[in-house]
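Student: I have a new model open and would like to learn how to read it. Could you walk me through it?

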Amino acid sequence: MVRRSIQDYQDILDLPHHVSRTRPHMSMHDRATQFSPFAALTGYDAVLKEAAQQNDARFQQTLHIFAQADPEAAEEQ
């Protein structure tokens with residue numbers, strides 16, 4: 001691995017920022033969308049939310065079953 005220092009880039013550090021004459025400026029929103037690492041996972045959040053809801057429903061059912069089996073233990077919760 002080659003380590004570089006700021007002196008290696010001294011010749012380009014003070015150059016003006018390039019602005020294209022042929023391409024329009026990209027908005028921050030479009031730029032963020034382009035470089036979003038999870039853009040390929042469209043719908044992933046919905047799948048996670050559905051799985052969490054299903055797990056919560058199962059957990060609530062389990063609590064209900066235990067409460068019916070031992071009502072005193074259910075009151076302690």
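Predicted model: local features only at pLDDT ≥ 70, side-chain atom pairs only at ≥ 80, totals over all residues.

Student: What share of the residues counts as buried?

Tutor: Here the cut-off matters: buried means under 20% relative accessible area. With that cut-off, 0% of the 77 residues in the chain count as buried. The accessible surface of the chain amounts to about 8100 Å², and carbon and sulfur atoms hold 57% of it.

Student: Which residues make the nonpolar surface patch?

Tutor: Ile6, Tyr9, Ile12, Leu13 and Leu15 make it, over about 490 Å². Take Leu15 as one of them: this residue lies in the loop between helix H1 (10-13) and helix H2 (28-34).

Student: Is Leu15 buried or exposed?

Tutor: Exposed, because its relative accessibility is 56% and the cut-off for exposed is over 50%.

Student: Now for pockets. What is the volume of the largest pocket, and which residues line it?

Tutor: The general idea is friendly enough: rolling a probe the size of a water molecule over the atoms shows where empty space is left. In this model, the largest pocket has a volume of about 330 Å³. Its lining includes His17, His18, His25, Arg23, Arg31, Met26, Met28 and Phe35.

Student: How do the lining residues divide by type?

Tutor: The lining of the largest pocket divides into 5 nonpolar, 5 polar and 2 charged residues.

Key. Residues numbered from 1 in each chain as written. Heavy atoms only, no water. 1 Å grid on protein atoms, 1.4 Å probe; cavity = no way out; pocket = protein on both sides within 12 Å on 5 of 7 lines; lining within 4 Å. Points joined across faces, edges and corners; volume = space filled by probe spheres on them. Nonpolar A, V, L, I, M, F, W, Y, C, P; charged D, E, K, R; others polar. Patch = residues over 30% accessible without salt bridge, like charges linked within 9 Å, V, L, I, M, F, W, Y side chains within 5 Å. Areas by Shrake-Rupley, 256 points an atom, 1.4 Å probe, with all protein chains shown as cover. Salt bridge = Lys/Arg side-chain N within 4 Å of Asp/Glu carboxyl O. Helix = DSSP H or I, 4+ residues; strand = E, 2+ residues; numbered from the N terminus. Buried < 20%, exposed > 50% of the residue type's maximum accessible area, 1.4 Å probe, protein only.
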